Amino acid sequence: MESVSKRILPQHQRRFLPTDERKLGFGDIFSDHMFKMDFHDGQWRNPRIEPYAALSISPAAMSLHYGQLIFEGMKCFRRQDGRLALFRPEANFKRFANSSHQLCIPQIDQELALAALKELLFVDQDWVPHTPGTSLYIRPFIVATEPHLGVRPANEYMFMIITGPVAAYYTEGFAPIAIYVEPHYSRAVPGGLGEVKAAANYAASLFAAEEAHKKGFSQLLWLDPCQHKYVEEVGSMNMFFVIGDELVTSPLAGTVLPGITRDSVVTIARDWGLKVSERPLAIDEILAAKKSGELKEAFGSGTAAVISPVGRLHYNGQDIVVGEGGIGPITQKMYDEIIGIQYGTRPDKYGWVVLV
Ligand SMILES: Cc1ncc(COP(=O)(O)O)c(C=O)c1O
């Protein structure tokens, strides 16, 4: 494995974390360094860590025209003992490899990617914030850089990892959200890109999400693209519903992203002895469960929020209040458990934590 070369900023040229970590927000601040590796002449080459800086790529770079662009999202947590921890990073790099495959991008060595990430985190360790709930967001991505106009897989790529400190998701407290159930538009289709993390999926979601924003909803729940009948996922979260004594999430049938938090929730809930079903769930079943009093809880799962309680759904002009509209016991217990594993205050019995 080629070793990672480093060009590191001298201490006096480094920027620093904002002192008020409550003002970090999400996605606007980037750490001092980035990892880069190029693909050309049939091989990934020259893994390196460099100061964070603008890129120079051709205006004809194929990703800019045909969207051959994939990414991942994960976090690094600072624990009470000062150690830095990643949560299931191998799963992210495995999903990254699936995304590469689907978009005809040459595979990167998953072990090299994780080793490179650890080196980058070591260099920028001071960028991992300290306040409880904060973390360092990690964004690995690959862009096609070959200058060529014409639709085909590119022959040149750049793999990069950038990072940036992010605030605790729940600065105002762990609060239920309202979700708009999208009756018309679709995010992904069977046989398409829905199950991989391709930039194209997010472009496809923008119009409907903006329409939902105009109606006052920050999140949108997609229904299946064929019948608009079965719930799929939210913008950047998978969805779970507690109906009676069953925890239900949609199956991974091609149009839904296989979330790493989703998999963690399923594993933990089964371990707790809950009845967990990965099965099609019709919005009509949710309406019927509401009527019969069986709709107990709903929550989203994803890297950004970990668990996001859902208090209300809005579907075709109707408001569906979930349970009492507050935070259900399974939702709260799941949030506490996963956060506890990530920050090291609860045992990591599944071996999910990778210390840096
Ligand atoms: C479309 C979509 N679904 C679900 C998720 C949740 O996935 P994960 O738990 O791996 O963050 C994400 C976030 O990555 C997403 O973008």
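Q: Which residues of helix 5 and helix 7 meet?
A: Thr261, Ser264, Val265, Ile268 and Ala269 of helix 5 meet Met334, Glu337, Ile338 and Ile341 of helix 7. Contact means heavy atoms within 4.5 Å. Helices are DSSP runs (H or I, at least four residues), numbered from the N terminus.

Q: How does that contact split by class?
A: Six nonpolar, two polar and one charged. Nonpolar covers Ala, Val, Leu, Ile, Met, Phe, Trp, Tyr, Cys and Pro; charged covers Asp, Glu, Lys and Arg; the others, Gly among them, are polar.

Q: Before we go on, what kind of model is this?
A: A predicted one: local features need pLDDT of at least 70, side-chain atom pairs count only at pLDDT 80 or more, and totals for chains, interfaces and linings use all residues. Residues are numbered from 1 along each chain as its sequence is written, and side-chain values use heavy atoms, with hydrogens and water left out.

Q: Back to the pair. What's the angle between helix 5 and helix 7?
A: Roughly 110°, and the axes come within 11 Å. Axes are lines fitted to C-alpha atoms, for helices over the stretch in contact; angles run from 0 to 180 degrees between N-to-C directions. Helix 5 and helix 7 are therefore roughly perpendicular.

Q: And what about helix 2 and helix 3?
A: Helix 2 (residues 89–102) and helix 3 (residues 110–123) pack at about 130°, with axes 10 Å apart. That makes helix 2 oblique to helix 3. The cut-offs: under 35 degrees is roughly parallel, over 145 roughly antiparallel, 65 to 115 roughly perpendicular, the rest oblique.

Q: Who makes that contact?
A: Pro89, Glu90, Phe93, Lys94 and Ala97 from helix 2, with Gln110, Ala113, Leu114 and Leu117 from helix 3.

Q: How far is Lys197 from a ligand oxygen?
A: A polar side-chain atom of Lys197 lies 2.7 Å from an oxygen atom of the ligand. For Thr303, a polar side-chain atom lies 2.6 Å from a ligand oxygen atom.

Q: Where does Ile260 come in?
A: Through its backbone: an N or O atom lies 2.8 Å from a ligand oxygen atom.

Note on methods
Helix = DSSP H or I, 4+ residues; strand = E, 2+ residues; numbered from the N terminus. Polar contact = N/O pair within 3.5 Å; in protein donor to acceptor, adjacent residues only side chain to side chain.
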